Amino acid sequence: AVSGVVTDDGVECRAMRGDDGVLYASPGLPGEIEAGDRIEVRGTEMGDSTCQQGVTLRTVRIVRPARDGKPERIWE
């Protein structure tokens with residue numbers, strides 16, 4: 001699992017900056033998730049992908065904890 005904040009840094013895929021400083025790209029981030037949202041992604045690292053930036057994750061589960069009036073949300 002990787003935790004971090006969704007950014008606008010992705011070009012081909014949406015991305016988040018992990019708490020470890022690494023840029024993670026995920027072609028599977030739902031549109032409801034916005035830049036600035038804190039999320040936790042569970043998944044596996046993909047080899048080749050069209051994302052072109054950062055470490056690409058094949059997501060299995062995404063959690064957006066409750067924050068700023070947004071309820072907790074889980075995507076699986």
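**From values to terms**

User: Why is Q52 called exposed?

Analyst: The relative accessible area of Q52 is 64%. The term exposed requires a value over 50%, so Q52 is exposed. Please note that this is a predicted model. Q52 is located in the loop between β4 and β5.

User: Where is D68, and is D68 buried or exposed?

Analyst: D68 is placed in the loop between β5 and β6, the latter being residues 73-75. Its relative accessibility is 63%. Since exposed means over 50%, D68 counts as exposed. In space, the C-alpha atoms of D68 and R42 are 23 Å apart, and the two residues are 26 positions apart in sequence.

User: How do you know that C13 and C51 form a disulfide?

Analyst: The sulfur atoms of C13 and C51 are 2.1 Å apart. The structure holds 1 disulfide. This pair links distant parts of the chain: C13 is in the loop between β1 (2-7) and β2 (14-18), C51 is in the loop between β4 (38-45) and β5, and they are 38 residues apart.

User: Why is the disulfide of C13 and C51 given a handedness, and which one is it?

Analyst: The torsion about the S-S bond of C13 and C51 is about -85°, and the disulfide is therefore left-handed.

User: Are C13 and C51 buried or exposed?

Analyst: C13 has a relative accessible area of 10%, and C51 has one of 1%. Buried means under 20%, so C13 is buried, and C51 is buried as well.

User: What makes S26 count as buried, and which residues does S26 touch?

Analyst: S26 has a relative accessibility of 4%. Because the cut-off for buried is under 20%, S26 counts as buried. S26 belongs to strand β3, residues 23-26. Leaving out residues up to four places away in sequence, S26 touches C13, R14, L57 and T59.

User: Why is L57 called buried, and in which strand is L57 placed?

Analyst: L57 has a relative accessible area of 9%; this is set against the limit of under 20%, so L57 is buried. L57 is placed in strand β5. Apart from its neighbours within four places in sequence, L57 is in contact with residues including Y24, A25, S26, P27 and V41. The C-alpha atoms of L57 and E45 are separated by 4.6 Å, although these residues are 12 apart along the chain.

User: What makes V63 count as buried?

Analyst: The relative accessibility of V63 is 11%. Under 20% is the criterion for buried, so V63 counts as buried. V63 lies in strand β5, residues 55-64. Residues up to four places away aside, V63 touches R38, I39, E40, E72, R73 and I74. V63 and R42 are 21 residues apart in sequence and 8.6 Å apart from C-alpha to C-alpha.

User: How many helices and strands does the protein chain have?

Analyst: The protein chain has 0 helices and 6 strands. Along the sequence the pattern is β-β-β-β-β-β.

User: Why does the radius of gyration of the protein chain agree with a compact globule?

Analyst: A compact globule with 76 residues would have a radius of gyration near 11 Å; the protein chain has 11 Å, so the value agrees. The C-alpha trace spans about 35 × 25 × 20 Å along its principal axes.

User: What share of the residues in the protein chain is buried, and what share of the contacts joins residues 24 or more positions apart?

Analyst: Buried residues make up 34% of the 76 residues. Among contacts with a separation of 6 or more, 44% are between residues 24 or more positions apart.

Terms used: Residues are numbered from 1 along each chain as its sequence is written. This is a predicted model: local features need pLDDT of at least 70, side-chain atom pairs count only at pLDDT 80 or more; totals for chains, interfaces and linings use all residues. Side-chain values use heavy atoms; hydrogens and water are left out. Helices (H or I, at least four residues) and strands (E, at least two) are DSSP runs, numbered from the N terminus. Buried means under 20% relative accessible area, exposed over 50%, partly exposed in between (1.4 Å probe, protein chains only). Contact means heavy atoms within 4.5 Å. The radius of gyration is taken over C-alpha atoms; the globule rule is 2.2 Å times the number of residues to the power 0.38. A disulfide is a pair of cysteine sulfur atoms within 2.5 Å.
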